[in-house]
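Dear colleague,

Please find below the structure that I am handing over to you, together with its sequence. My notes on what was found in it follow directly after.

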Amino acid sequence: MVQIPTTDGRADAFAAFPDHGERHPGVLMYADAFGIRPVLREMARELAGHGYYVLVPNFFYRHGPAPLIELPEHIGEEVRLAVVAQVMPLIEAHTAERALSDADAYLRFLTAQPEVGAGPVAVTGYCIGGLLAMRTAAAHPGQVAAVAGFHGPVGADGPDSLSKLTAQVHLGHAETDMTPEALGELNQALDAAGVGYTSEIYPGTVHGFTLSDTDAFNPAALQLHWDRLLPLLGHTLANG
């Protein structure tokens, strides 16, 4: 765990990176609203094992360090609604202004680490983290070379926000989050903005499909997520 200085305090975060004494491309990974927990640490470590420095911030740090709420080992449907009810006020308080201010701090911290090489970084996110990832990439053109969002509300800021993107984009949508018609509209907006992207609905998925501690988990879709994410990072980040 590390501490990231921000304009509103210090954000706790989890960092994972290869223990080779070398410098690696940086990846900012936004968790879902349930926050930093074993499954996110596991995913960060797996990505780090491919040669990246991965930083996972607690973006609700203004309310306290992670974990902010007590989570069961498995977030089943019988407890999910209660957990969501606890995190919704935190989501509503995390305004776009706060998110962008924090993104500045996260990227400043990430790129200053001695284990992180010079050059552009990538941002990835899950659920609400997918939206935060897209906002971060749009606010930092030139610095963010790749952005990926999985089962996230990535179109929430409207088509105008897409015009600021210079990063290569991959979006993996859940069947329950995105109709084929809505996917077509989103992809048309990406085309109109001149974004280089792939954007697809992962077959047989529900919201949260990458997260193995929930009922939404889909192992095949998690593997597809890696199959899409790793080449994206490899093509866009130096030494990836």
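Helix α2 (residues 77-93) supplies six residues to the lining of the largest pocket, the largest share of that lining. Helices here are DSSP runs of H or I with at least four residues, strands are runs of E with at least two, and both are numbered from the N terminus. The lining of this pocket comprises 20 residues, and Phe34, Arg80, Val84, Cys127 and His207 lie nearest its centre. Its volume is about 360 Å³.

Please note that this is a predicted model, in which local features need pLDDT of at least 70 and side-chain atom pairs count only at pLDDT 80 or more, while totals for chains, interfaces and linings use all residues. Residues are numbered from 1 along each chain as its sequence is written, and side-chain values use heavy atoms, with hydrogens and water left out.

The largest cavity has a volume of about 120 Å³. It is lined by 16 residues, and those closest to its centre are Ala33, Phe34, Gly35, Phe60 and Leu68. Both searches use a 1 Å grid over the protein atoms alone: a cavity is a set of points where a 1.4 Å probe fits but cannot get out, a pocket is an open set with protein on both sides within 12 Å along at least five of seven lines, and lining residues have an atom within 4 Å of a point. Grid points are joined across faces, edges and corners, and a volume is the space filled by probe spheres set on the points.

Turning to the sheet, eight strands form an open, mixed arrangement in the order β1-β2-β4-β3-β5-β6-β7-β8. Two strands are taken as paired if DSSP finds at least two bridges between them. The edges are held by β1 (2-6) and β8 (197-202), each of which has a single partner strand, so one side of each lacks a neighbour in the sheet. From one strand to the next, the twist averages 20°.

Strand β5 (residues 121-126) runs parallel to β6 (residues 144-150), and six bridges join the two. Within this pair, alanine 122 stands opposite alanine 146, and glycine 125 stands opposite glycine 149. Strand β5 also runs parallel to β3, to which four bridges join it; there, threonine 124 is the bridge partner of methionine 29. Both faces of β5 are covered, with Val121, Val123 and Gly125 buried on one side and Ala122, Thr124 and Tyr126 buried on the other. Buried means under 20% relative accessible area, exposed over 50%, and partly exposed in between (1.4 Å probe, protein chains only).

Helix α1 (residues 38-48) lies across β2 (9-16), β3 (26-30), β4 (53-57) and β5, at about 55° to β2. Helix α6 (residues 219-236) packs on the sheet and touches β3, β5, β6, β7 (168-174) and β8, its direction making about 175° with that of β6. Contact means heavy atoms within 4.5 Å. Axes are lines fitted to C-alpha atoms, for helices over the stretch in contact, and angles run from 0 to 180 degrees between N-to-C directions.

Several loop residues have backbone geometry to be checked against the following background. Most residues other than glycine have a negative phi, and most peptide bonds are trans. Cysteine 127, in the loop between β5 and α4 (128-139), has a positive phi of about 55° and is buried at 8% relative accessible area. Histidine 151, in the loop between β6 and β7, has a positive phi of about 40° and is buried at 1%. The peptide bond from alanine 66 to proline 67 is cis, with omega near 0°; proline 67 lies in the loop between β4 and α2.

Two side chains complete these notes. Aspartate 157 is in the loop between β6 and β7 and is partly exposed at 34% relative accessibility. Its side chain makes a polar contact of 2.7 Å with the side chain of arginine 135. A polar contact is a pair of N or O atoms within 3.5 Å; within protein, one must be able to donate a hydrogen and the other to accept it, and residues adjacent in sequence count only if both atoms are side-chain atoms. Glutamine 113, in the loop between α3 (96-112) and β5, is buried at 16%, and its side chain reaches the backbone oxygen of phenylalanine 109 at 2.8 Å.

With kind regards
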